[in-house]
Amino acid sequence: MKKKYDKLVLKEGGKTLDYKQELRSFDMLCNASHMKTTYLKPFPLDFICLANTIRRQNLAYGEQRMHNNLNMKEIGSATSAPTSSVIKRRNNFQESQRRLTGGAPSVSDNEGNAEDETDIEPASRKLRVWMRILRYTRLTILLFCWIVIAYCLIESHEEENVTYMLTVIGGEKTYYKVEPHSYESNLAISMTGPFKMSSFKYGPTSEQFEKTGTPCLGVTLRRTSKSDNTQLNVASIQRYPISNDKMDRTELSTHDVLMENVEMDSDNYEYHIVFSTNFDEPLGLEVHIRTTRFDQSLGTILGIVLLVIIYILLIFDLVHRALAGVIACTLGIGIMGALHIKPDLVTIFSWIHIDTIMLIFGISIIMALMAETGVQDYLAATGFELAYGHIWPMLNVLLVTSFTLAIFYNDIVLILFIAPICIRLSEVMDLSPIPVLTCLIISTNIGSTLTPMGSLSNYLIANSPVLPFGNIDPPTFILHMLPATILTAAQSYVHLRIQFINSDKMRHTHSAEVSLKRQIRLWDKAATTVGDISLDERGYHETVRARVRTLRKRLRRLGKMPEPRSDFKEQLQKLRDHFDVQGKDFIIICCISLTVVLLLFSLYLYTNLIYASVGWIALLAALLALSLINLEGLEGIIARIDWGTMLFISTLCILMNVLKQLALMRSIGSAVGHFVSSFDKEHSLMVAIITVLWLSAFLTCILDNLPVAEFMMHVIVTISGDESLPLTPLIWALALGCSLGGNGTLIGAMSNIACAGVANSHGIPFTFIDYFKVGFLVMIGNLIVASIYLLVVHVALRWH
């Protein structure tokens with residue numbers, strides 16, 4: 001196979017670089033474009049040919065001690081004769097490349113002709129105008145967001161996190177002096193103490209606690225005249241229930257008190273926060289008081305605006321989703337600064353769910369090491385063999401496998417392992433990877449519903465500290481979730497079969513165009529991976545950018561090319577020859593590491609033998625694999641980690657906490673509590689189950705299931721106490737809502753985001769809309785089935 005890569009000469013300043021520099025430059029290309037890993041073997045086949053050519057040239061250089069002034073043409077002629085296996089693989093590449101280009105000559109063979117092409121038809125004037133309008137609209141939106149962020153962050157100062165310890169004695173009043181500001185009319189108080197769950201039924205200003213003798217803490221604002229010392233309460237007394245257990249046996253919790261529209265005249269009056277309690281024992285409190293411009297209604301509106309902004313950026317794909325997350329969370333912090341509740345950096349970083357980030361980091365390293373062996377490509381060929389080359393048999397194997405493994409493995413771990421296999425299967429069968437990955441996400445989310453170990457939201461619900469009866473043991477959790485999991489899995493399968501009843505719709509309609517666009521994205525990514533400082537790097541950039549220009553010209557000429565051959569059918573033996581397994585010691589070490597992950601996950605979730613969280617377990621497994629392999633090229637492994645996905649997840653965690661600080665969650669919780677309490681006792685359980693299930697699912701679609709699970713646990717415990725409802729049906733409704741709601745959108749679950757990150761790293765754009773068109777309707781069907789199940793077993797049969 002005659003490739004232009006064999007006769008490339010890198011030049012800098014009119015001088016030809018020596019051979020060693022050329023090899024180093026192309027080694028950069030190998031590392032930057034992930035050529036040494038089958039984790040990204042779905043890359044274009046001519047891309048893989050380039051890597052093999054480079055490796056043969058490296059080998060020839062080591063064996064024959066060539067001179068430094070040899071160019072690539074001389075190297076190609078001086079290399080040793082290829083073996084029969086190399087010839088077989090080369091023929092496979094040639095045939096695959098012809099398939100991808102529709103039977104036309106390969107891109108590299110016609111590269112010179114493409115460079116000299118002058119009759120390329122320019123884009124229409126109307127299209128250019130629309131593209132220019134879209135570009136300037138996007139720049140205007142981003143510039144406006146930047147101006148708002150910059151003004152809010154520069155103008156505001158960080159909140160002074162100064163706390164004070166107070167002791168409140170029953171029957172006496174404790175005073176704390178407040179220094180008012182003329183430009184701030186609201187007073188925010190953060191109290192940490194032995195508080196019980198608040199009530200939606202009785203507001204803070206209700207006197208019900210005192211009438212029933214419930215121990216509570218009263219808080220109000222009192223002003224004292226500087227002239228005659230007269231005192232007057234300028235805010236209603238707010239009461240918060242406290243635990244009547246012994247103080248040394250009570251868990252502490254934090255309550256936020258907001259006194260709105262308080263006019264404070266510092267010239268004529270002094271202001272004090274007054275604390276009182278009807279509890280017999282001394283009550284210790286940690287108090288943080290500040291004046292602010294924030295009020296609950298304004299915070300709720302601004303929280304909704306933030307969600308609208310990030311969804312506009314994601315739905316219309318205006319920017320990369322990681323940048324969209326950075327813009328949204330930074331804008332939220334800027335808004336908090338404008339309201340004088342701006343947190344410090346330590347608080348902001350504490351909002352990030354570091355366990356999830358460490359889990360993705362550790363498992364990504366293991367998957368990158370395993371990809372060196374080609375085992376994932378071998379599994380793709382095995383799936384192709386089991387399905388006899390047909391689409392739905394292949395999807396059946398995928399759905400059953402992912403559903404079964406999701407019961408035992410964490411959903412993020414499973415996605416990072418199976419998603420590259422799905423992408424390779426799609427390429428082998430000439431399918432669009434988007435429907436295949438969508439099916440993978442749906443089956444994984446449903447399978448992870450069954451156990452506490454399946455997803456992080458399930459684990460958080462089963463081990464929530466707000467549960468009055470302690471943690472939920474795994475057998476009980478599985479027993480109650482098993483019928484719903486089986487029913488929703490069956491419903492989802494039927495839905496997908498109907499949605500893709502014509503499986504040919506899953507195939508690429510313009511496979512050559514799709515392939516060329518994907519190649520352009522991958523070569524662009526490779527060009528931006530390495531800097532442009534040294535001569536080697538400049539030569540590398542020149543080579544890659546020239547390749548990108550050639551591919552773009554070929555894409556514009558694609559309409560003149562013949563259609564793909566209709567007799568395409570990959571033979572299994574060719575697949576086996578193409579996907580050979582190498583480095584069996586790597587396979588053994590990676591399997592050992594994954595076994596350690598599964599074992600330690602089980603011990604952590606089901607026993608009290610270890611105390612390392614899931615993030616530390618994944619990191620320990622990655623360290624074990626790296627230590628046993630002792631890999632020299634660690635930079636290549638680190639480069640394959642999807643840092644963009646981890647950044648996006650981090651920004652989502654920050655954004656969710658910003659919405660919590662802006663009282664959006666509190667407003668939703670209060671609305672749910674009042675809605676359920678408006679029904680009579682006979683129907684309250686049915687209303688509560690349906691409300692919790694559907695609300696948690698839709699919130700998961702919008703916000704992600706981890707913050708929703710944490711927030712809704714407080715809501716259902718409060719509703720259960722207010723309405724004297726059984727808590728366990730609400731727990732199962734919440735678990736089903738958070739797990740099944742992850743099927744609704746691409747950001748509904750962390751595993752969804754991880755899957756999109758894997759697709760993008762393979763050059764496949766997996767957008768919000770692509771998934772929404774299938775996943776949201778599947779979620780609606782899941783919720784209908786789950787609603788029927790919960791109503792039958794808990795309202796009609798009263799299983800609880």
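In this predicted model, the side chain of Ser684 reaches the backbone oxygen of Lys681 at a distance of 3.0 Å. Ser684 lies in helix H26, which covers residues 681-703, and H26 in turn packs with helix H30, residues 768-796.

- Ser684 counts as buried, because its relative accessibility is 1% and the cut-off for buried is under 20% relative accessible area.
- When residues up to four places away in sequence are not counted, Ser684 touches Val676 and Leu725.

**Packing of H26 with H30**

- Two packed helices are described by the angle between their axes and by the distance between those axes.
- For H26 and H30 the angle is about 155° and the axes are 10 Å apart.
- H26 and H30 are therefore roughly antiparallel to each other, since angles over 145 degrees are counted in that way.
- The crossing that H26 and H30 make is right-handed.
- On the H26 side, the residues that meet H30 include Leu685, Met686, Ile689, Ile690, Leu693 and Trp694, as well as Ala697, Phe698 and Cys701.
- On the H30 side, the residues that meet H26 include Phe776, Met779, Ile780, Leu783 and Ile784, together with Ser787, Leu790, Leu791 and His794.

- Glu427 and Arg424 are separated by about one helical turn, because they stand three residues apart in helix H14, residues 411-428.
- The two partners are set out here by their accessibility: Glu427 is partly exposed, with a relative accessible area of 22%, whereas Arg424 is buried, with a relative accessible area of 2%.

- Once its neighbours within four places in sequence are left aside, Leu647 is in contact with Ala322 and Val326.
- Leu647 and Ile357 are 290 residues apart along the chain, and their C-alpha atoms are separated by 8.7 Å.

Notes:
Residues numbered from 1 in each chain as written. Predicted model: local features only at pLDDT ≥ 70, side-chain atom pairs only at ≥ 80, totals over all residues. Heavy atoms only, no water. Helix = DSSP H or I, 4+ residues; strand = E, 2+ residues; numbered from the N terminus. Buried < 20%, exposed > 50% of the residue type's maximum accessible area, 1.4 Å probe, protein only. Contact = heavy atoms within 4.5 Å. Polar contact = N/O pair within 3.5 Å; in protein donor to acceptor, adjacent residues only side chain to side chain. Axes fitted to C-alpha atoms, helices over the stretch in contact; angles between N-to-C directions. Parallel < 35°, antiparallel > 145°, perpendicular 65-115°, else oblique. Left-handed = near helix turned anticlockwise from the far one by under 90°.
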